[in-house]
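This briefing is meant for a reader meeting the structure for the first time. It begins with a term needed later, and then goes through the chain topic by topic.

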Amino acid sequence: MSVQAKVSGLPRLSQFCLSNFLPRPVSPRNEEASFCPFQKAAVMSAVPAPVFRLGYPFFACPHSSSCRLFFPEDPVKIIRSQGQYLYDEQGREFLDCINNVAHVGHCHPTVVQAAHEQNLMLNTNSRYLHDNIVDYAQRLSETLPKELSVFYFLNSGSEANDLALRLARQCTGHQDVVVLDHAYHGHLSSLIDISPYKFRALDGQKEWVHVAPLPDTYRGPYREDHPNPAEAYASEVKQVISIAQEKGRKFGGNPVSCAVGLAVLDVLKTEQLQAHAANVGSFLMEHLNQQKAKHPIIGDVRGSGLFIGVDLIKDETLRTPATEEAEYLVSRLKENYILLSTDGPGRNVLKFKPPMCFSLDNAQHVVAKIDDILTDMEEKVRSCKTLKIQPNSVKHLSEETQPTQIQQDGKLTST
């Protein structure tokens, strides 16, 4: 029996998950040979036992185009979390600078208890009356301008953006959309169509999608030396709109999710996490800017609160994205038990978006490690113009030492 035939007997969710990890094409005479080593070396606890009884130990392969993992050369298996920390199967603690979705921190006891207690009573869709839904809407409205008083509870940002798009089209009678360059709005087909970040690598730009330049004063057409960049970018958007004019939910808002939402609002208030995030974010920005003055590879530091980007460059004049260097830095941070990711069109921006309980000590620790790694890269790697030994460096290399190239997979090779 073929692999696909065996998979077809599994529940639909298992079929969907496993189909993404099947090798393509599967050899009819030697199916096992078409699996890469990562797929063969399956972690038994990672998938349901019935899958293994089929005789094929499937595993999410980091080398598959259908599976994207952080740190694919040495994946991290996370099994537990608390606050701003993640723990792997060996009990090692990682500082989480990535997961902003867990606003108040991973597994906050107040949030966990609220979900558990409501799950014991009722968890159904929002087609019925329930106090949690009304109470949550009321609490949210108190944090927003009065004009924002109608709420649709949905499962994800993608679903929310899709609904907003449909509402706008229903209201205006038009299909045209103006978006910012490099924008990403979600992974639904309707949202990929309006996300330059995605559609440029897929089906291209639709005629009804109009792209305005990103108001970027570091890399955009109107930079920090422009007398009024805000007005210039606004004028660009106005022009795009003029051209466009010439051309003529099931389970969101269930009692459990609303109980969780109420608990999150309680934690935000009682632990003053908004003020905390502003304070820690300001501290982090200040110390990252100190590193910018010290390390030429840091071209720009920008952000708000704890959502911060650090733009790494190969050349100070051209501001060429230091893509490989950014990937290498992130891999080195991971070796130091700090999880960070990259983003941006050039994949060269270190992106901070930790849970809001991220502390001053955490910020200081991350900045110190970045400083250590960049100093080491300046002394040993020197793969680009901005990785040069600083005058105040303690260590110095001999003149015979050759610079090092960083490959796209983050590995080093001597030149």
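A nonpolar core is here a set of buried Ala, Val, Leu, Ile, Met, Phe, Trp, Tyr and Cys residues that are joined through side-chain atoms within 4.5 Å, where buried means under 20% relative accessible area. The model described below is predicted.

**The chain as a whole**
- The secondary structure of the chain comprises 14 helices and twelve strands.
- Of the 415 residues in the chain, 41% are buried, while the exposed surface comes to about 24100 Å², with carbon and sulfur atoms supplying 53% of it.

**Nonpolar cores**
- The largest nonpolar core has 58 residues, and within it L288, L312 and F352 touch the most other members.
- Another core, of eight residues, lies apart from the largest one, and L165, V179, F199 and W208 are among its members.

**The four-stranded sheet**
- Four strands form an open sheet with mixed pairing, in the order β1-β2-β3-β8.
- Because β1 (78-82) and β8 (338-339) stand at the edges with a single partner strand each, one side of each is left without a neighbour in the sheet.
- Strands β2 (residues 85-88) and β3 (residues 93-96) pair in the antiparallel sense over three bridges, and Y85 stands opposite L95 in β3.

**Helix α14**
- Helix α14 (residues 360-380) has 21 residues, so at 1.5 Å a residue it should span 30 Å, which agrees with the 30 Å between its end C-alpha atoms.
- Just after α14, R382 takes a positive phi of about 45 degrees.

Conventions
Residues are numbered from 1 along each chain as its sequence is written. This is a predicted model: local features need pLDDT of at least 70, side-chain atom pairs count only at pLDDT 80 or more; totals for chains, interfaces and linings use all residues. Side-chain values use heavy atoms; hydrogens and water are left out. Helices (H or I, at least four residues) and strands (E, at least two) are DSSP runs, numbered from the N terminus. Buried means under 20% relative accessible area, exposed over 50%, partly exposed in between (1.4 Å probe, protein chains only). Accessible areas come from the Shrake-Rupley method with a 1.4 Å probe; for residues, only the protein chains shown count as cover. The expected span of a helix is 1.5 Å times one less than its number of residues. Two strands pair if DSSP finds at least two bridges between them.
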